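Let's take a friendly walk through this model, with an eye on its charged pairs and one of its helices.

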Amino acid sequence: MNRLQRTLAKLDGLPAPLRGAARNFALRRAVPFTGTAALDFVMLTSERSEIRVANQRRVQNHIKGVHAAAMSLLAETATGMVVGMNVRDDCLPLCKSLRVNFKKRATGGLVATAHLTEAQRATMASETKGEVQVAVIVTDEAGIEPIECEFVWAWVPKEKPQA
């Protein structure tokens with residue numbers, strides 16, 4: 001169990017109605033920009049993450065939809081959190097590359113769901129350094145996928161090896 005998993009496990013003892021707010025508070029403190037955008041961490045396990053953003057003024061573009069940057073943040077956060085749930089405590093996760101294709105205009109708020117396979121999780125647990133392509137799907141309130149994303153995450157040792 002890594003540090004992020006241990007932190008979130010502490011919240012399991014809270015009454016159910018408080019857990020979501022406590023999880024959002026803890027994760028928004030850890031990654032402040034997610035708080036600026038008011039991302040909602042709906043679900044977070046070592047296999048899967050689900051994160052939501054409401055279509056509200058703070059994340060809107062000029063046509064009152066969710067801004068392209070907010071869509072990208074949502075997908076990046078979903079992939080990064082599932083990686084963060086698996087990266088070893090002696091390693092740092094880093095977004096190595098991202099590709100976002102905008103397909104359709106989004107309707108309302110968005111949900112990003114990212115997941116890792118068992119093989120990807122096993123590699124992250126056993127290797128000190130590596131990279132993984134993380135699958136993510138972003139859907140809007142109409143059930144449409146307004147964007148297609150591809151994220152590659154790397155993990156590297158926190159400490160550089162001594163020469």
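Does arginine 99 count as buried, partly exposed or exposed? This is a predicted model, and in it arginine 99 counts as partly exposed, at 35% relative accessibility.

The side chain of arginine 99 meets that of glutamate 150 in a salt bridge, at 3.3 Å from N to O. Arginine 99 belongs to strand 3 (residues 91-102) and glutamate 150 to strand 6 (residues 147-157), so this pair ties together parts that lie 51 residues apart in sequence. Glutamate 150 is partly exposed too, with a relative accessible area of 27%.

## Other charged pairs

The structure holds ten salt bridges. Side chains of opposite charge can pair when their charged atoms come close. Arginine 88 is partly exposed at 22% relative accessible area, and aspartate 90 is partly exposed at 38%.

Have a look at glutamate 50 and arginine 52 as well: their side chains form a salt bridge at 3.9 Å, N to O. Glutamate 50 counts as buried, at 16% relative accessibility, whereas arginine 52 is partly exposed at 35%. These two residues also belong to a network of salt bridges that links them with Asp40 and Arg48.

## Helix 4

Helix 4 covers residues 68-84, which makes 17 residues. From first C-alpha to last, helix 4 reaches 24 Å, close to the 24 Å expected at 1.5 Å a residue. Helix 4 is mostly covered, with 14 of its 17 residues buried.

Note on methods: Residues are numbered from 1 along each chain as its sequence is written. This is a predicted model: local features need pLDDT of at least 70, side-chain atom pairs count only at pLDDT 80 or more; totals for chains, interfaces and linings use all residues. Side-chain values use heavy atoms; hydrogens and water are left out. Helices (H or I, at least four residues) and strands (E, at least two) are DSSP runs, numbered from the N terminus. The expected span of a helix is 1.5 Å times one less than its number of residues. Buried means under 20% relative accessible area, exposed over 50%, partly exposed in between (1.4 Å probe, protein chains only). A salt bridge is a side-chain nitrogen of Lys or Arg within 4 Å of a carboxyl oxygen of Asp or Glu.
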